[in-house]
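Please read the following points with the sequence and the model side by side, and look up each residue as it is named.

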Amino acid sequence: MTHRLLLFGVSGVGKTTACRSYTLRHANVLCLNAGSLLSAASHCEANELRSSSSDAIIRRQFFLADALDRQLRGCNAELVIIDGHAIIDNNRELVRVPVEVVQSLKPHGLLLLEASVSDIFHRRLERKQCPYRSELELSLEMEQERQAVESYANELGLPFEKACSTKGFELDAIVQAIRPRLG
């Protein structure tokens with residue numbers, strides 16, 4: 001059976017880097033990016049997806065389940081980690097992904113990566129791909145991300161783990177902590 005873990009965190013926290021590193025060191029693990037799946041399914045660039053109106057962002061999120069199912073057809077991985085966001089910053093407002101979208105992805109567990117506001121702020125400045133946000137704005141976004149993921153876990157009765165992403169962070173401990181509870 002393939003277990004699905006959803007890995008959440010704000011842009012710049014290190015989700016994609018941690019996923020790539022984990023899959024390089026563990027056989028039978030596949031890491032997918034929710035934004036890439038949505039881009040392919042909707043034929044839109046990631047920046048266009050992220051900067052759309054809140055209604056368009058929410059509407060497109062419902063394409064994700066079909067895109068994920070298509071991607072996983074014939075997949076023999078024992079673990080699939082989907083890296084994405086609970087809160088999407090479209091440059092105008094913070095848009096919360098509905099719990100129904102999360103449920104449609106059929107996750108077995110939820111993971112949340114956090115980091116210091118200062119670390120995320122500096123990573124985002126280096127990348128220049130994320131909307132510029134002050135440290136206070138990032139702190140508020142991180143709090144909303146945490147609240148959203150915790151509420152998803154509670155509403156859906158899913159196991160939940162969070163970890164602090166620091167330099168050299170690896171997913172091993174957080175995945176090991178949640179694995180016995182995946183059912």
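**Notes on a predicted model**

1. Asp 69, at 24% relative accessibility, counts as partly exposed. Please keep in mind that this is a predicted model. Asp 69 forms a salt bridge with Lys 106, in which the closest N and O atoms are 3.3 Å apart. Lys 106 lies in the loop between H6 and S6 whereas Asp 69 is in helix H5, so the pair ties together parts that are 37 residues apart in sequence. Lys 106 is partly exposed as well, with a relative accessible area of 46%, and a network of salt bridges links Arg 4, Asp 69 and Lys 106.

2. The side chains of Glu 170 and Arg 25 form a salt bridge at 2.5 Å, N to O, which joins the loop between strand S7 (160-164) and helix H9 (172-178) to helix H1 (residues 15-25), across 145 residues. Glu 170 counts as partly exposed at 31% relative accessibility, and Arg 25 is partly exposed with a relative accessible area of 40%.

3. How many residues does the largest nonpolar core have? There are 33, and those with the most contacts inside this core are Leu 6, Phe 8, Leu 68, Leu 110 and Tyr 152. Among the elements that each supply at least two residues of this core are strand S1 (3-8), helix H5 (64-72), strand S3 (79-84) and H8, and H5 gives the most, with five residues. A second, separate core of 24 residues includes Ala 18, Val 29, Leu 79 and Ala 163. As general background, nonpolar side chains tend to be buried together in soluble globular proteins.

4. Strand S3 is mostly covered, since six of its six residues are buried. Leu 79, Ile 81 and Asp 83 point one way from S3, while Val 80, Ile 82 and Gly 84 point the other way. S1 pairs with S3 in the parallel sense over six bridges, and Leu 6 stands opposite Ile 82 in S3. Strand S2 (residues 29-33) also runs parallel to S3 and is joined to S3 by five bridges, with Asp 83 as the bridge partner of Asn 33.

5. The structure holds one aromatic pair. The ring centres of Phe 8 and Tyr 152 are 5.7 Å apart and the planes stand at 50 degrees, so the pair is tilted. Phe 8 belongs to strand S1 and Tyr 152 to helix H8, 144 residues apart. Phe 8 counts as buried at 5% relative accessibility, and Tyr 152 counts as buried at 0%.

6. Just after H8, Gly 157 takes a positive phi of about 65 degrees.

7. Is Tyr 132 buried or exposed? Tyr 132, in the loop between helix H7 (117-127) and H8, counts as exposed at 53% relative accessibility. Leaving aside neighbours within four places in sequence, Tyr 132 is in contact with Phe 121 and Leu 125.

Note on methods
Residues are numbered from 1 along each chain as its sequence is written. This is a predicted model: local features need pLDDT of at least 70, side-chain atom pairs count only at pLDDT 80 or more; totals for chains, interfaces and linings use all residues. Side-chain values use heavy atoms; hydrogens and water are left out. Helices (H or I, at least four residues) and strands (E, at least two) are DSSP runs, numbered from the N terminus. A nonpolar core is a set of buried Ala, Val, Leu, Ile, Met, Phe, Trp, Tyr and Cys residues joined through side-chain atoms within 4.5 Å. Buried means under 20% relative accessible area, exposed over 50%, partly exposed in between (1.4 Å probe, protein chains only). Two strands pair if DSSP finds at least two bridges between them. Contact means heavy atoms within 4.5 Å. Rings of Phe, Tyr and Trp (its six-membered ring) pair if their centres lie within 6.5 Å; planes under 30 degrees apart count as stacked, over 60 as edge-to-face and the rest as tilted. A salt bridge is a side-chain nitrogen of Lys or Arg within 4 Å of a carboxyl oxygen of Asp or Glu.
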